[in-house]
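Me: I would like to go through a model with you, one topic at a time. Could you put it up first?

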Amino acid sequence: MNKSIKDFFQKNSISLAIPLVMIVVGLFFIFCPGSAISLTVKVVGIVFVIVGAIMACTLIASYSPITMSIAIVLIVFGIICIALPGVIASFVVKAIGIMILINSILRIRDAYIIKGKSDKFVQYIINDAITLILGIVLIAIPLDLANALVITIGVLMLVLGISNIITVIKVYRDGRFIDDGSDVVWEE
């Protein structure tokens, strides 16, 4: 059965929307990783400001100083995220590096506790040493590594978006569905 391109886009416009967004965002992450990080922090800041403002305007906030305090903190943190996205992104990456570093040190200590009791001691030490190095790298050069991470996420989103589009095309081409006029129903 030969189906037209127009028919394909009419029946699959919703199925293609998310993969196309994934491809666009993936390309943005690949070619502008610094801007992607900054934009993400700014969007988080805007969300914090909106949530804080909504919380501050509720009836609960007028009776609860704790709720009002949380709302004010959210608004202030949101404004800081919007005004200083690079500083916030750097801080978050360093904080993650410190958490990874502490976790790997504790795991190395745990591995030494089981030394002689398990034949996987070397495997544990190698794994924890690699994790320790990752934590040190995140602390030492956070923005460079953050950019590399954003590029990696961008490549994954690009691949997934293209894969999803190929799946939509294959399903349409194979004609494994029946259009009953209201919804797509899979044949059994």
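The conversation below goes through the fold, helix contacts, a salt bridge and some individual residues.

Me: What kind of model is this, and how are residues numbered?
Reply: This is a predicted model, in which local features need pLDDT of at least 70 and side-chain atom pairs count only at pLDDT 80 or more, while totals for chains, interfaces and linings use all residues. Residues are numbered from 1 along each chain as its sequence is written, and side-chain values use heavy atoms, with hydrogens and water left out.

Me: How many helices and strands does the protein chain have?
Reply: The protein chain has seven helices and two strands. Helices (H or I, at least four residues) and strands (E, at least two) are DSSP runs, numbered from the N terminus. Along the sequence the pattern is α-α-α-α-α-α-α-β-β.

Me: What share of the residues counts as buried?
Reply: Of the 188 residues in the protein chain, 26% count as buried. Buried means under 20% relative accessible area, exposed means over 50%, and partly exposed lies in between (1.4 Å probe, protein chains only).

Me: What about contacts between residues 24 or more positions apart?
Reply: Such residues account for 66% of the contacts in the protein chain with a separation of 6 or more. Contact means heavy atoms within 4.5 Å.

Me: Turning to helix packing, how do α1 and α2 cross?
Reply: The axes of helix α1 (residues 5-31) and α2 come within 5 Å and cross at roughly 115°. Axes are lines fitted to C-alpha atoms, for helices over the stretch in contact, and angles run from 0 to 180 degrees between N-to-C directions.

Me: Which residues make that contact?
Reply: Helix α1 contributes Phe 28, Phe 29, Ile 30 and Phe 31, and α2 contributes Pro 33, Ser 35, Ala 36 and Leu 39. By class, the residues of this contact of α1 with α2 divide into seven nonpolar, one polar and no charged. Ala, Val, Leu, Ile, Met, Phe, Trp, Tyr, Cys and Pro count as nonpolar, Asp, Glu, Lys and Arg as charged, and the others, Gly among them, as polar.

Me: How does α2 cross α5?
Reply: The axes of helix α2 (residues 33-56) and α5 come within 9 Å and cross at roughly 95°. That makes α2 roughly perpendicular to α5. Angles under 35 degrees count as roughly parallel, over 145 as roughly antiparallel, 65 to 115 as roughly perpendicular and the rest as oblique.

Me: Which residues meet there?
Reply: In α2, Ile 37, Ser 38, Val 41 and Lys 42 meet Pro 85, Ile 88 and Ala 89 in α5. The contact of α2 with α5 has five nonpolar, one polar and one charged residues.

Me: New topic: how many salt bridges does a search of the whole structure find?
Reply: The search finds one salt bridge. A salt bridge is a side-chain nitrogen of Lys or Arg within 4 Å of a carboxyl oxygen of Asp or Glu. Arg 107 forms a salt bridge with Asp 128, with the closest N and O atoms 3.2 Å apart. The pair links distant parts of the chain, Arg 107 in helix α5 and Asp 128 in helix α6 (residues 121-140), 21 residues apart.

Me: Is Asp 128 buried or exposed?
Reply: Asp 128 is buried, with a relative accessible area of 3%, whereas Arg 107 counts as partly exposed at 37% relative accessibility.

Me: What does Ser 104 touch?
Reply: Not counting residues up to four places away in sequence, Ser 104 touches Asp 128, Thr 131 and Leu 132. Ser 104 lies in helix α5 (residues 85-113) and is buried, with a relative accessible area of 1%.

Me: Where is Asn 147?
Reply: Asn 147 is in helix α7 (residues 142-174) and is partly exposed, with a relative accessible area of 24%. Leaving aside residues up to four places away in sequence, Asn 147 touches Pro 33, Gly 34 and Ile 37. Asn 147 and Cys 32 are 115 residues apart in sequence and 8.7 Å apart in space, C-alpha to C-alpha.
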